[in-house]
Structure formats: C-alpha cells, structure tokens
Amino acid sequence: MIRGLRMLQMRPIFYFAADKTPAPTQGKQQQAKPIQVYKDGQLITKNYLQLKKSQDIEGYVLTLVKNYYRTTNKQALTLDSELEQHGLDSLDSIELSMQIEEDLGYVISAETLPVLNKVRHYVNYIKQVEQYKVENNAAPLA
C-alpha cells in the first residue's frame with residue numbers, strides 16, 4: 001500500500017499550459033479535418049457538411065429539427081416556429097446545437113445558446129458563420 005502511494009506521488013497529476021511546449025501550428029488557422037464516427041459498429045470517415053445556398057441552410061435546419069426525436073407537431077414546423085411550440089426546451093436546444101457543431105464543424109459558444117429560440121435563429125446563425133468564413137477566409141472564434 002505504501003509503495004503504491006510513493007509511486008503516485010512521483011508522477012505529476014496536473015499539467016499546466018505553461019508546462020507544455022507550444023504546438024508548431026499555433027497562430028495559424030487550422031483547416032476543418034474530416035471526422036471519424038462509429039456507425040453500425042464500424043469506424044467511418046466523413047467530411048463536414050458545407051452549406052452555401054440559403055435554401056440548403058434552411059432545408060438542413062428544418063430537417064434537423066423535424067428529425068429530432070422530441071419534436072412534436074412536426075408537420076406544422078416552419079422557419080418562424082419557436083422551439084417551445086414543438087415541445088423543445090433549452091436542453092434540446094443544446095443538443096440541436098451540438099448536432100450542428102458535429103455536422104458543420106462549428107463551435108457554438110455558451111453565450112449564443114440562449115438566443116437560439118426559433119428555427120430561423122439557427123438559420124441566421126449558420127448564414128452569419130458562412131458569410132464570415134467567406135469574407136475572412138477563416139472560421140470565426142467561438
């Protein structure tokens with residue numbers, strides 16, 4: 001028992017940012033890398049979705065919300081629908097945002113989440129991020 005405690009004391013438990021050497025790509029904008037996910041027990045590689053047209057963005061968001069398992073009254077879902085009208089709360093909004101992050105490669109900050117109350121809010125957010133990427137040739141920082 002004492003021997004085990006000595007071994008634990010010898011290994012550092014916490015690592016601080018100052019202890020690590022800076023990464024060679026620090027300061028450069030990193031490109032979106034393909035992501036790997038498990039589907040039916042196999043690891044597959046997929047690229048992030050790239051939505052350029054307004055109709056594509058609107059269709060993606062409507063499909064995402066309609067296919068979400070807790071959405072009620074799916075036939076009445078429009079761009080101006082509020083999430084609460086379809087049985088979704090703030091936790092569901094977080095899950096939808098996480099799905100957007102996974103599909104599109106974005107990082108949605110915690111400060112932005114309370115503002116995303118309607119389907120159109122998600123559409124506008126994606127449009128703004130895509131416009132920023134075109135204008136600045138880089139992804140925005142969350």
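Predicted model: local features only at pLDDT ≥ 70, side-chain atom pairs only at ≥ 80, totals over all residues.

User: Which residues form the negative surface patch?
Analyst: A residue needs over 30% relative accessible area to join a patch, and Glu82 has 32%. The negative surface patch consists of Glu82, Glu84, Asp89 and Glu95.

User: Stepping back to the whole fold, in what order do the elements of the protein run from the N terminus?
Analyst: Good moment to zoom out. The secondary structure comes to 4 helices and 2 strands. Read from the N terminus on, the order is α-β-β-α-α-α.

User: What share of the residues is buried, under the 20% cut-off?
Analyst: Let me begin with the surface: the protein exposes about 11000 Å², and carbon and sulfur atoms supply 53% of that area. Residues count as buried when their relative accessible area is under 20%. Of the 142 residues in the protein, the buried share is 25%.

User: Is Val119 buried or exposed?
Analyst: Val119 belongs to helix 4 (residues 119–136). With a relative accessible area of 0%, Val119 is buried.

User: Now for charges: how many salt bridges does a search of the whole structure find?
Analyst: One of them joins Glu58 and Lys127, with the closest N and O atoms 3.8 Å apart. Glu58 lies in helix 2 and Lys127 in helix 4, so this pair ties together parts that are 69 residues apart in sequence. Both partners are partly exposed, Glu58 at 22% and Lys127 at 30%. The search of the whole structure finds a total of 5.

User: Which residue does Arg120 pair with in a salt bridge?
Analyst: The closest N and O atoms of this bridge are 2.9 Å apart, inside the 4 Å cut-off, and the partner of Arg120 is Asp80. The pair links distant parts of the chain, with Arg120 in helix 4 and Asp80 in the loop between helix 2 and helix 3, 40 residues apart. Arg120 is partly exposed, at 28% relative accessible area. The name you asked for is Asp80.

User: Which residues are linked in a network of salt bridges?
Analyst: Consider Glu130 and Lys133, whose side chains meet in a salt bridge at 3.7 Å, N to O. They are 3 residues apart in helix 4, so about one helical turn separates them. Glu130 counts as buried at 8%, while Lys133 is partly exposed at 30%. The linked residues are Lys52, Glu130 and Lys133.

User: What is the relative accessible area of His86?
Analyst: His86 is in the loop between helix 2 and helix 3. Setting aside neighbours within four places in sequence, His86 is in contact with Arg70, Thr71, Thr72, Asn73, Ala76, Leu77 and Ser81. His86 is buried, and its relative accessible area is 3%.

User: Finally, what value is the phi of Asn137 near?
Analyst: Most residues other than glycine have a negative phi. Asn73, in the loop between helix 2 and helix 3, has a positive phi near 50 degrees and is partly exposed at 47%. Asn137 lies in the segment after helix 4 and is exposed at 70%. The phi of Asn137 is also positive, near 55 degrees.

Methods: Residues numbered from 1 in each chain as written. Heavy atoms only, no water. Patch = residues over 30% accessible without salt bridge, like charges linked within 9 Å, V, L, I, M, F, W, Y side chains within 5 Å. Areas by Shrake-Rupley, 256 points an atom, 1.4 Å probe, with all protein chains shown as cover. Lys, Arg positive; Asp, Glu negative; His and termini not counted. Charge placed at Lys NZ, Arg CZ, Asp CG, Glu CD. Buried < 20%, exposed > 50% of the residue type's maximum accessible area, 1.4 Å probe, protein only. Contact = heavy atoms within 4.5 Å.
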